[in-house]
Amino acid sequence: MALFQAPAARPNGHVHAEFRAGRMDWDGRMVTADKRKGKVVLYTSEEDQLMHFQWWDREKNEAVTDLIVINDAYLERIAKCTTGRAYIMRFTSSDKKMFFWMQEPKDDKDDENIKKFNEAVGATIPEKKAGSATAAAAPAAAAPGGGQIDPQLRAMLSQFLDQQQGGQTAAARTPPLPLTAVLTTEVLQSLMTDDAAVAEMTGLLPDSHKSTEGLREVLASPQLQQSMVALSQAVHSDQLPVLLASLGLSPSVLSTAAPGSDALEVLCKAMESQMKEGDGSSGSS
């Protein structure tokens with residue numbers, strides 16, 4: 001037996017909210033409460049400067065789930081679940097839903113933790129409607145130790161998870177293309193021969209790098225590669241509509257994209273379309 005417990009691992013960045021919570025899993029037949037001791041962590045990474053939602057296994061001291069959230073996730077309590085502190089995490093940019101149950105020994109900080117989480121993410125939370133899925137959940141779910149979930153709530157959860165599994169299967173058939181596979185260091189360095197591109201990119205740099213050599217250094221930096229990895233995750237996640245909107249691109253391109261289209265291809269076509277519109281308007285003025 002170990003005499004000393006290893007210190008709890010911490011995300012490399014600014015932690016906005018952190019509390020002990022378990023998650024609920026689907027095993028193909030029913031929804032059960034994962035018996036592992038877990039915790040929810042919301043933080044902004046020092047490496048990619050993006051906000052991450054993580055679910056940690058506290059026994060193994062490791063992050064099991066890591067999602068990038070872009071002003072689109074929020075937690076709310078399943079009010080009718082009176083025998084357990086069950087919560088649903090919704091996404092305003094998609095129908096994705098995740099379920100958790102509180103493992104904090106006391107419930108006096110529950111509201112504070114949820115408020116801190118939601119305010120940090122900054123999602124616009126829709127007003128509740130009478131008869132919503134959360135309110136319609138069955139009046140009782142089993143205590144976390146038993147792992148059983150009320151049949152009505154189980155049916156609701158299984159429907160959500162079945163839809164998610166279908167999406168994951170489709171994604172598995174078409175492996176996502178990362179930005180780093182397209183914008184390699186060689187490709188980025190080749191932009192240095194384009195005077196117009198150099199002038200535009202240099203203008204976006206901080207004063208300390210506003211030079212040709214400064215730009216060349218940035219294009220070859222590992223930090224840029226890390227940022228592209230993080231951006232790739234966002235492109236191939238459920239948050240693509242939010243990402244498109246934040247870039248000033250119309251999310252309507254998603255409805256016109258062919259089934260099975262790669263998300264990165266959709267993003268590139270949206271940017272190409274915007275550039276053509278810009279050229280057309282400038283030419284007619």
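Mentor: Glu18 is partly exposed, with a relative accessible area of 31% (buried means under 20%, exposed over 50%, partly exposed in between, with a 1.4 Å probe and protein chains only). The model is predicted, so local features need pLDDT of at least 70 and side-chain atom pairs count only at pLDDT 80 or more, while totals for chains, interfaces and linings use all residues. Residues are numbered from 1 along each chain as its sequence is written, and side-chain values use heavy atoms, with hydrogens and water left out.

Glu18 and Lys39 meet through their side chains in a salt bridge, 3.1 Å from N to O (a side-chain nitrogen of Lys or Arg within 4 Å of a carboxyl oxygen of Asp or Glu). This pair links distant parts of the chain: Glu18 lies in strand β1 (residues 13-26) and Lys39 in strand β3 (residues 38-45), 21 residues apart. Strands are DSSP runs of E with at least two residues, helices are runs of H or I with at least four, and both are numbered from the N terminus. Lys39 is buried, at a relative accessible area of 8%.

Lys39 has a further contact: its charged end sits over the ring of Trp56, 5.1 Å from the ring centre (the criterion is NZ of Lys or CZ of Arg within 6 Å of the ring centre and within 35 degrees of the ring normal).

Asp57 and Arg36 also form a salt bridge, with an N to O distance of 3.4 Å. Asp57 is in strand β4 and Arg36 in the loop between β2 (31-33) and β3, 21 residues apart. Asp57 is buried, with a relative accessible area of 2%, whereas Arg36 is partly exposed at 25%.

In another salt bridge, the closest N and O atoms of Glu76 and Arg90 are 2.6 Å apart. Glu76 belongs to strand β6 (residues 73-77) and Arg90 to strand β7 (residues 86-91), 14 residues apart. Both ends are buried, Glu76 at 12% relative accessible area and Arg90 at 13%. The whole structure contains seven salt bridges.

Aromatic pairs number two (ring centres of Phe, Tyr or Trp, the last by its six-membered ring, within 6.5 Å; planes under 30 degrees apart are stacked, over 60 edge-to-face, the rest tilted). Phe53 and Phe117 have ring centres 6.1 Å apart and planes at 85°, so this pair is edge-to-face. Phe53 is in strand β4 (residues 51-57) and Phe117 in helix α1 (residues 110-121), 64 residues apart. Both are buried. Ring pairs join Phe53, Phe100 and Phe117 into a cluster.
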